[in-house]
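Look at the model below and follow the text through its strands.

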Amino acid sequence: PRAPDSPKAPEAPKSVAAKTWDELAVGLATTCRDGCCWQCHDQALLGLCDLRADVFERAVRGWWGVRDLWLDMYATEVAKQLGLRAQLDRRLGSAWVDKVEEWLDATYAAATANITTPPPRNMLQGKSIALVKTVSERLSASAVRQHVGWRKVLTAPVTLVCDQCHKDYSQRIGRCPACFPPKAPPPRKESEAASPEAAQKEWRTLPAAAIDSIDWRQASDVLWCHGGSGGVTLVRLDSQVACFKRSSPAELFAQRLATAVKVRVAPMRLLRSGMNCDEAYQLRQGVRRVAPDVGQDNWLPIRKMMQYEYLAAVQYVNGFGMMGLEAHKHLMEGAAGVWSELGRLMGYDMLINNFDRLPLAWSNEGNLGNVMLGSELGPVVGIDQCVSPITHPDGLELYLGRVRASIHEACDAPGPRFRAVQEAIYCNTGITISSEQMDELRSGCLAFAHEAAALCRNRELDGVLDSVGRGVLDEFGDQAEAAANVQKASSMVAAVAAAFVGAVNA
């Protein structure tokens, strides 16, 4: 990343503005620095686009970070969008967009390095629309004026003369078809040709890649799946599948704690710029190469996810959510261990206040898509869990009261809380669980509560939480915000575990 070399004071454009898309492409190639960026105060670029530097200056705010870098990023985003329309790949090569995106990623990291809550990088895409539209409309109007008058345009099709072969062609085509024959559309990926449901079903037949050794350069296809915290992106690597998603200290804490207390959830590890920078670079390169083009389905959430600072590689769970016909058939076949494992997962969710799964201690409908069935990892696997601390004393006491009531129902007899779980299972799978299955569900939940209570009574829980917290900080860096999140998560778990002690002893 570089700050602009020219002064920041706005000046009138001195170069001649481009009159055709070809002239614009030549000018963009000439003003491109190192094949990857443009500078805001480059008078040749400003004159080429007939823009002024103060247009960029007014849009960039001081609190965003390093102002000069943001200005160059803004200019580069505008030039990139114009270059896509002007077929700049004919002059800079087919990989020019990837080089620009790499520069933007690196420059954004440098520009916001000292900002606690920086603005998202993709904000520049929205800001560039108006400038790109202005330049595009001027070029279209200029091309029309070169060949026919405005009155004739309103009454008849416009015929242009190619500057290279001197043949006539329709202005509606935009470029001479003889000199620039249209490219055949690329073959559609299997996941694009099928419906989203069919695509996900096809992906589920693929084995999972081990997350400790992923070669993201082997990416051949991507599939974005909707979910909390931005969803998850599946990446096909030859004949295997890996996943990545946005991460936070609370999510990593939840996953590490689950492993420590023997609750089955999808494993994950953090990828962060500056820590595993080589792998993070390979991830962005590999995914960007096979990601959907601009305007295609799911192109925006995938590109947006790659811009987050904290990304995690997540173990691919090749099963299906506890929803719909597949889950119905699976549960009707009487899969072994499902109900006791589900009860254990419910107990763990109460420990961390993970309300986005089954509505045991919470007044919601639940999200059974975060319960995976039929996986090679086990009969029940939790995904997308997070510690949700409650810092208000009254709110925490209210929640702990719900936890105690849920444990009492698990110990004695099912009441309104377990009936809410039963109703959620029926609404999502069409399965009415039997009394025997309800007993397994309650037993699994109660067994986990006893284990957590024993850790608390024996003063072993403090050591577990300390070990998990130090592991999270080792990956996120011992920064104040991450440390505060870890402290809040530990306090929340300790308070719920103490409530478990009182409930199982009552």
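Strand E4 (residues 232-237) is largely enclosed by the rest of the structure, because five of its six residues are buried. Strands (E, at least two residues) and helices (H or I, at least four) are DSSP runs, numbered from the N terminus. Buried means under 20% relative accessible area, exposed over 50%, and partly exposed in between, with a 1.4 Å probe and protein chains only. This is a predicted model, in which local features need pLDDT of at least 70 and side-chain atom pairs count only at pLDDT 80 or more, while totals for chains, interfaces and linings use all residues. Residues are numbered from 1 along each chain as its sequence is written, and side-chain values use heavy atoms, leaving out hydrogens and water.

E4 has pairing partners (two strands pair if DSSP finds at least two bridges between them). Strand E3 (residues 219-225) runs antiparallel to E4, joined by six bridges; here Leu223 stands opposite Leu234. Strand E5 (residues 240-246) is also antiparallel to E4, over five bridges, and Ala242 in E5 is the bridge partner of Val235. Two residues separate E4 from E5 in a hairpin, and Asp238 in the turn has a positive phi of about 60°.

Confidence is given by pLDDT, the predictor's score for each residue from 0 to 100. The protein averages 84, and 86% of the residues score at least 70. Helix H15 (residues 338-352) has the highest confidence, at a mean of 97, and helix H8 (residues 150-155) the lowest, at 40. Where pLDDT is low, the predicted coordinates should not be read in detail.
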